[in-house]
Amino acid sequence: MSVKDQIEAIASEARDQLAGVTDAGALEEWRIAVLGRKSPLQSVLRSLGELPADMRREAGRIANVLKQELDGALDVKREELGRQKIAETETSGRIDVSLPARPIGAGRLHPITQTQRDVVHAFVAQGFSVIEGPEVELDYYNFEALRIPKDHPARELMDTFYIDREDDSDTKLLLRTHTSPNQIRFMESHDPPIRVICPGRTYRNEATDPSHEWMITQTEVLAVDRGLTLAHLKGTLFEFAKRLFGRERKIRFRCDFFRFVEPGVDMAIDCFLCGGSGCRTCKQEGWIEILGAGMVHPEILSKMGYDPDIYTGFAAGLGVERIAMLRYGVDDIRHFYENDIRFLRQF
Ligand code: DAH
């Protein structure tokens with residue numbers, strides 16, 4: 001028998017068999033027998049290689065046409081059986097309404113959103129209001145107005161993504177590297193007393209590793225009023241740390257440098273896991289740095305039109321991912337944004 005005849009014989013048998021199929025189980029058996037790996041059709045296809053080239057092309061074409069036809073017939077039959085089944089259930093009235101419903105998969109908030117909300121709450125409870133600002137920011141607000149002029153080395157720690165290549169800091173657009181520009185934006189349009197926080201996403205041109213991401217969430221804190229001192233800064237941030245990490249926390253302030261505050265500090269809490277004796281989480285130091293802060297630079301206050309002899313202010317900026325990592329014991333920041341459901345389900 002020629003290959004063509006063989007294929008046609010297979011085809012007509014397959015069509016006859018399909019006509020007799022009346023349920024899903026039989027249809028699956030038919031599929032395996034006719035289109036499966038061990039089907040006669042497949043063995044014909046496999047043996048094509050032994051034919052001379054011109055015959056092989058012709059036989060291959062016929063076999064493929066047949067295969068497509070059978071695939072199509074399978075789909076049609078499947079639908080037909082499905083429709084029949086629904087019609088049968090409807091007429092026989094055999095829908096069991098007493099069966100328990102399928103559970104609806106309830107979603108939940110992303111761990112960063114949860115932590116961000118707790119951070120926000122810790123300040124709102126102390127009388128702060130929440131503001132927001134643009135993620136695409138002017139160079140002016142992100143750097144210049146915060147006393148980080150063009151070519152200043154402080155910019156090197158905050159390389160970012162530029163939206164355009166204008167060189168003028170008043171019009172140049174970039175993705176903000178921190179939430180601090182909103183200090184300026186808010187002071188420009190408000191008079192003291194000021195008590196605001198600004199949560200939001202920030203961006204940096206980073207090579208990612210377990211503690212660096214190119215997008216992180218921050219929360220900025222700003223208070224300006226008559227007579228605010230470092231003591232107010234300490235009190236407010238201490239209360240924040242206790243709310244997030246437990247009432248028994250201790251805090252440590254050390255000098256740090258940020259262009260827009262004077263003096264600048266970094267704040268650490270005693271390690272809530274080992275209580276200060278040293279462990280992996282605190283890198284054996286007993287202390288964990290959680291934020292940068294300081295007294296608003298007097299030069300900025302005057303630029304905003306406030307008299308620095310009357311008004312003083314404090315500011316702070318914290319990274320939400322870092323706080324979430326500490327709270328939940330997550331050892332790699334990149335887990336938060338890989339969208340792996342097995343990770344996210346745990347929160
Ligand atoms: N913006 C700084 C950063 O992203 C953090 C910071 C430090 C914010 C000191 C402040 C501050 O408001 O006073 O690295």
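**Entry 1: T217**

I began with T217, whose side chain makes a polar contact of 2.7 Å with the side chain of E321. For my notes, a polar contact is a pair of N or O atoms within 3.5 Å; within protein, one must be able to donate a hydrogen and the other to accept it, and residues adjacent in sequence count only if both atoms are side-chain atoms. Before going on, I wrote down that this is a predicted model, in which local features need pLDDT of at least 70 and side-chain atom pairs count only at pLDDT 80 or more, while totals for chains, interfaces and linings use all residues. Residues are numbered from 1 along each chain as its sequence is written, and side-chain values use heavy atoms, with hydrogens and water left out.

I found T217 in strand β5. Helices (H or I, at least four residues) and strands (E, at least two) are DSSP runs, numbered from the N terminus. Is T217 buried or exposed? T217 counts as buried because its relative accessible area is 7%. Here buried means under 20% relative accessible area, exposed over 50%, and partly exposed in between (1.4 Å probe, protein chains only).

I also listed the contacts of T217, leaving aside neighbours within four places in sequence; among them are I112, Q116, R201, L318 and Y337. Contact means heavy atoms within 4.5 Å.

**Entry 2: the ligand**

Next I turned to the ligand. Which residues come nearest to the ligand? Of the 16 residues around the ligand, they are H178, S180, R204, Q218 and E220. A residue is near a molecule if one of its heavy atoms lies within 4 Å of it.

I looked up three of these side chains in turn. In H178, a side-chain N or O atom is 2.9 Å from a nitrogen atom of the ligand. In R204, a side-chain N or O atom is 3.0 Å from an oxygen atom of the ligand. In E220, a polar side-chain atom lies 2.6 Å from a ligand oxygen.

The ligand taken alone exposes 360 Å², and the protein buries 91% of that. Accessible areas come from the Shrake-Rupley method with a 1.4 Å probe; for residues, only the protein chains shown count as cover. The elements that give two or more residues to the shell are β5 (215-226), β8 (287-296) and β9 (311-319).

I sorted the shell by class too: seven residues are nonpolar, seven polar and two charged. In this sorting, Ala, Val, Leu, Ile, Met, Phe, Trp, Tyr, Cys and Pro count as nonpolar, Asp, Glu, Lys and Arg as charged, and the others, Gly among them, as polar.

**Entry 3: K77**

I then looked at K77, which lies in helix α4 (residues 53-92). K77 counts as buried because its relative accessibility is 10%. What does the side chain of K77 reach? I found the backbone oxygen of V21 at 3.2 Å.

**Entry 4: cysteines**

How many disulfides does the structure hold? I noted zero. A disulfide is counted when a pair of cysteine sulfur atoms lies within 2.5 Å. C274 is in no disulfide, and the nearest cysteine sulfur, that of C271, is 3.6 Å away. C198 is buried, at 2% relative accessibility.

**Entry 5: backbone details**

I looked up two cis peptide bonds. One joins P192 and P193, with omega about 5°; P193 sits in the loop between α7 (181-189) and β4 (194-203). Another joins E262 and P263, with omega about -5°, and P263 lies in strand β7 (residues 261-270).

I also checked phi. D151 is not a glycine, yet has a positive phi of about 70°; I found D151 in the loop between α6 (139-142) and β3 (173-175), exposed at 69% relative accessibility. Q284 also has a positive phi, near 65°, and is a residue other than glycine. Q284 lies in the loop between β7 and β8 and is exposed, with a relative accessible area of 57%.

**Entry 6: two loop residues**

F161 lies in the loop between α6 and β3 and is partly exposed, at 30%. Leaving out residues up to four places away in sequence, F161 touches L174, L175, Y203, R204, N205 and W214.

My last stop was N339, in the loop between α10 (320-328) and α11 (341-344). N339 counts as exposed because its relative accessibility is 61%. N339 and H110 are 229 residues apart in sequence, and 9.8 Å apart in space, C-alpha to C-alpha.
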